[in-house]
Amino acid sequence: MSLPSPGELRRMAIQAATACAPRLAEAFRAAPDGLQLSTKRNTHDLVTVHDRATEDELVRLLGEAVPGSRFVGEEGGVRGTGSDTRAGDDAGPRRLEWIVDPIDGTANFAHGFAMFSLSIAAAVDGEVVAGVVLDPVNGLEFSADDAGAYLNGERFGTTAAAAGAAEDHGAPRAESALNLVTSYPSAEALAVDGTVALERFGRLVDSYATVRRTVSGALELAYTAIGWADVTLGVDTHPWDVGVGQLLVRRAGGHYLGLFYDTHGPERRPAYLAPCYVAVAPGRTAPTAVRVLEETVTDRRAAGYTR
């Protein structure tokens, strides 16, 4: 079927996110009873009535914009055309897939911490080509398409070639001057990796000027793309966590390294499917974060992880 261009898909994603944002802004810091808060996998994995309702509304709006779309959402799973497979499954070519996280940072949303967003990525034949990360409380709209990365409609960043040229004319900033954001180690990571996870976190704290655990992957990557954060490290993420963020980083001229636990041709798979990553803002390098990630992936691979 004939599909909209990446620029048009970006516009559609922005329109859908903008339509849903006021409800989340109104619900933020409202009476706790209105959240209908519950848990999913464990006590650290929260969900509210607004997660489910927002995802349903995004699916409706985007489905009307492009009939026949396929959806992969954090709350509702796979819907639409070809819904017998999940994002990244080897099920042959597919056209348009919307990868949706209705509230990225639900724990922050539920606890009144203004670090959450709506995230919508548009993937064509398995490659993310456009999307938006919208922070409804702070009024920040990060978006990307084939032409670049944007904040509230204004393009930012450099091309990858320009970033490389800049590094050729001056040394990158020292790691000790950079700030890093990460959600590692989570409680789940501590259960898997044990105390070595704390040792790795300590190395990050020692190596970087500041290490923050903001627990909102989409905004962490958006902040890295624009340079408000210098480095993001992620472990055990999902496509809806990073789909738009990794595109923002690359379109802004930064670097995104995605690592898989298995070794069966990871280079042939899109980076947003990788469960582990380091993202670096334009003009920066982060060898310590890369080493920590590689060690984590190597140890888990040896333990039999295959994702």
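In what follows, two residues are in contact when heavy atoms of each lie within 4.5 Å. The model is predicted. Its chain contains nine helices and 15 strands, and two helix pairs, H6 with H9 and H1 with H2, are described below.

**Chain overview**

- Of the 307 residues in the chain, 52% are buried.
- The chain has an accessible surface of about 13000 Å², and carbon and sulfur atoms account for 53% of that area.
- When contacts between residues at least 6 apart in sequence are considered, 67% of them join residues at least 24 apart.

**Helices H6 and H9**

- Helix H6 spans residues 195–207 and helix H9 spans residues 287–302; their axes are 10 Å apart and form an angle of about 175 degrees.
- H6 is therefore roughly antiparallel to H9, given that angles over 145 degrees fall in this category.
- On the H6 side, the contact involves Arg 200, Arg 203, Leu 204 and Ser 207.
- Sorted by class, the contact of H6 with H9 comprises five charged, three polar and three nonpolar residues.

**Helices H1 and H2**

- Helix H1 (residues 6–27) packs against helix H2 (residues 49–65) with the axes 9 Å apart and at an angle of about 155 degrees.
- This angle makes H1 roughly antiparallel to H2.
- The crossing in which H1 passes H2 is right-handed.
- H1 contributes Met 12, Ala 13, Ala 16, Ala 17, Ala 19, Cys 20, Arg 23, Leu 24 and Ala 27 to the contact.
- H2 contributes His 50, Ala 53, Thr 54, Glu 57, Leu 58, Leu 61, Leu 62 and Ala 65.
- By class, 13 nonpolar residues take part in the contact of H1 with H2, together with two polar and two charged residues.

- Ala 16 lies in helix H1 and counts as buried because its relative accessibility is 4%, where the cut-off is under 20%.
- Leaving aside residues up to four places away in sequence, Ala 16 touches Leu 58, Leu 61, Leu 62 and Ile 120.
- Ala 16 and Leu 62 are 46 residues apart along the chain, and 6.7 Å separates their C-alpha atoms.

Conventions. Residues numbered from 1 in each chain as written. Predicted model: local features only at pLDDT ≥ 70, side-chain atom pairs only at ≥ 80, totals over all residues. Heavy atoms only, no water. Axes fitted to C-alpha atoms, helices over the stretch in contact; angles between N-to-C directions. Helix = DSSP H or I, 4+ residues; strand = E, 2+ residues; numbered from the N terminus. Parallel < 35°, antiparallel > 145°, perpendicular 65-115°, else oblique. Left-handed = near helix turned anticlockwise from the far one by under 90°. Nonpolar A, V, L, I, M, F, W, Y, C, P; charged D, E, K, R; others polar. Buried < 20%, exposed > 50% of the residue type's maximum accessible area, 1.4 Å probe, protein only. Areas by Shrake-Rupley, 256 points an atom, 1.4 Å probe, with all protein chains shown as cover.
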